[in-house]
Amino acid sequence: MSSEVSIQVSALGKSFPIYDKPHHRLMQMIAPGPKDRWYRTFRALNDVSFEVWRGETVGIVGRNGSGKSTLLQLICGTLTPSAGTVQAHGRIAALLELGAGFNPDFTGRENVYLNGSLLGLTRKELDERFDDIAAFADIGEFIEQPVKSYSSGMYIRLAFAVAINSTPDILVIDEALSVGDEAFQRKCFARIDAIRNAGATVLFVSHSAGAVIELCDRALLLDRGELIAKGTPKHVISHYHKLIYAPIDKQETVRESIRSSTAVIHGVTSTEYVAGSPEVVEPEDGACFEEGLLPQSTVRYVSRGATIEDPHIETLQGRRVNVLRRGQEYIYTYQVAVQCVAAAVRFGMMIKTLTGFELGGAASAPQGMSELIVAPGQLFVVRFRFQAQLAPGTYFMNAGVTAFEEDGETFIDRIVDAAMFKVMPDPYRLSTGAADFLVDVDVSELAREAA
Ligand SMILES: Nc1ncnc2c1ncn2[C@@H]1O[C@H](COP(=O)(O)OP(=O)(O)O)[C@@H](O)[C@H]1O
Ligand SMILES: [Mg+2]
C-alpha cells in the first residue's frame, strides 16, 4: 500500500427525482414548467467523504437502499454527482449490478471485445487475452451465443472474466460475487488477491461479512445515504450487524449510537489490543490474569429479552484467567438474566482470531433441538469447557443467546468480542497455524546409502 490517493470522495451527494405518478415523468419532459413541478427529490447519498489509498482493498456494507450502488456508480462515472466531487486515478474496471456494459444481442465473444475496449484495452491486447478470458469464464460454447440467452450465472462469469483480465488500477465490484457457485467465487477471490498484490485498489460491496473481514483492509458502513462508520472491517461489520439485527423500534437509537460512536477507527491497523499492565501473577500452571487485556471492540447488541452478564474465562478450579497455556482446559462462562418468555433457547460461544475469522464455537443444543423455555426473572449460568488447542496469540470470544420467534431463530442477546484472551508463547510447540490438531509427528530412517 502506498501513500498515494487512488479514490478521493469529497462531500459527495446524489439526489434522484421521484415522480409520484408514472405520467409525471413524461409531463416533466414535455412540459417542464416551473422548477420541480412534476417531481420531488430523493437524496440517495448525502455528504459522503473518504479516501482510498492506492493498493488498499475497501469493503462497503449497508442495508438495501443505503446508497452503495449509487456510490459505486458515481465513482465509476456512470452517474454524475448532485453535490461534491469524486476523483479516481487510473483505469477502472467495474462489475456493477446488472452487469452494465453488455449488449444482449451480441455474442459473448463480441461483448468481450466491446466491453474490453470500454475498459481501455486495445484490439491487440484483447486478441492476446481472449483465451484467458474465455477460460476464466468457463461457459463453453455459450461464448459464441448471444448474451441474452445466458443465465445470470453465465453472465456474471463473463463480466467478471473481462473485468479482472483488464489489469485495472481500480477494481470496483458491486455484490456481483454473491452470484455464481462457490468454486467460481473462490476463483474470483483468488484473482482479486492477485490484482491486489499487483498493487491495484479494490472497492467492493458485499453482503458477506466473512469476505469483507478476510479481504479488506478497511470497511465503510453506509446507511440511508450517509457514511456512518468507517474503520477496520471487523469493527465496521459488528456495527453493521448491530444495525441490521436491531428490533425496528430500536434502530434509530442504534443508528445514532453508531454515528456518534467515538470508536470509529480511521487507521488501517487493528487497535483492539492494548497492552496490559506488566504486573502479571504467575501461578504454577502459568495461566494468569492480565488487567489490561480487555477487548476494545466489544459490541453489545440490543437485548430482546435476555442479558448476558460477566463473560469471562476461568480455570477448572474457578480462577479467572485471560492468559492461557496451550493445550490446557478452561471454562468460558457467562450469566444470562431473562426478561421475556422465550422458547427453544440456546446458549452459544465462538472463538475468533484477531482478524475476526471464526475458529470454532459451540451451542448448548443443536439448532432446532432445544426444549428450553425461559420466563422473566430466571437467571442462568452457562459454562463451556474447552481445550485451548491454539497457537500463541490473541483471540476473541463472542457470547450469544438465541430463541425461536415467528421469523425463525433470533438472538435475544449477543455480545461480539465479549472477552479476549492470549495463549502464551510455547517454545516446545511443534504445531503451526492457529489451530493445533494435536498432530503426532514420527520420523524414522528407512535406509542409508553407502558412502
Ligand atoms: N435512478 C434512480 N431514481 C430514483 N431513485 C433511485 C435511483 N437509483 C437509486 N435510487 C434510490 O436510491 C437509494 C439508494 O439506492 P442504491 O444505491 O441502489 O442502494 P444499495 O445499493 O445500497 O441497495 C434507494 O432508495 C433507491 O431506491
Ligand atoms: Mg446495490
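The pLDDT is the predictor's confidence in each residue, on a scale from 0 to 100. The model is predicted, and its chain has a mean pLDDT of 85, with 90% of residues reaching 70 or more.

**Overall architecture**

- The chain contains nine helices and 19 strands.
- Along the principal axes, its C-alpha atoms fill a box of roughly 80 × 80 × 45 Å.
- Of the 451 residues, 35% count as buried.
- Of the contacts between residues at least 6 apart in sequence, 73% join residues at least 24 apart.

**Domains and their contact**

- The chain is divided into domain 1, which comprises 5-90 + 169-259, and domain 2, which comprises 299-423.
- The centres of the two domains, taken over C-alpha atoms, are separated by 33 Å.
- Domain 1 contributes 11 residues to the contact and domain 2 contributes eight residues.
- On the domain 1 side, helix 8 (residues 233-244) gives the most, with five residues.
- By class, that side of domain 1 has six nonpolar, two polar and three charged residues.

- The shell around ligand 1 consists of Phe16, Phe42, Ala44, Gly62, Asn64, Gly65, Ser66, Gly67, Lys68, Ser69 and Thr70.
- Strand 2 (40-53) and helix 2 are the elements that give two or more residues to this shell.
- Helix 2 supplies the largest share, three residues.
- Three nonpolar, seven polar and one charged residues make up the shell by class.

**Helix 2**

- Helix 2 spans residues 68-76 and is mostly covered, with eight of its nine residues buried.
- The buried residues are Lys68, Thr70, Leu71, Leu72, Gln73, Leu74, Ile75 and Cys76; Lys68 and Thr70 also belong to the shell around ligand 1.
- Gly77 follows helix 2 and has a positive phi, near 85 degrees.

**Nonpolar cores**

- The largest nonpolar core has 70 residues, among which Leu171, Val172 and Leu203 touch the most other members.
- Helix 5 (residues 152-164) gives the most to this core, with 10 residues.
- A second, separate core has 36 residues, including Tyr332, Ile351, Phe384 and Val416.
- Leaving aside neighbours within four places in sequence, Val172 is in contact with Leu72, Ile75, Cys76, Ile92, Ala94 and Leu203.
- Among these partners of Val172, Leu72, Ile75 and Cys76 are buried residues of helix 2.

**Gly116**

- Gly116 lies in helix 3, which covers residues 108-118.
- Is Gly116 buried or exposed? Gly116 counts as buried because 22 other C-beta atoms lie within 10 Å, where the cut-off is 20 or more.
- Not counting residues up to four places away in sequence, Gly116 touches Leu121, Leu126, Val162 and Ser166.
- Gly116 and Arg129 are 13 residues apart along the chain, and their C-alpha atoms are separated by 9.9 Å.

Conventions. Residues numbered from 1 in each chain as written. Chains lettered and ligands numbered in written order. Predicted model: local features only at pLDDT ≥ 70, side-chain atom pairs only at ≥ 80, totals over all residues. Buried ≥ 20, exposed ≤ 12 C-beta atoms within 10 Å, placed from the backbone. Helix = DSSP H or I, 4+ residues; strand = E, 2+ residues; numbered from the N terminus. Near = placed C-beta within 6 Å. Nonpolar A, V, L, I, M, F, W, Y, C, P; charged D, E, K, R; others polar. Core = buried A, V, L, I, M, F, W, Y, C linked by C-beta atoms within 7 Å. Contact = placed C-beta atoms within 7 Å. Domains from an automatic or database assignment.
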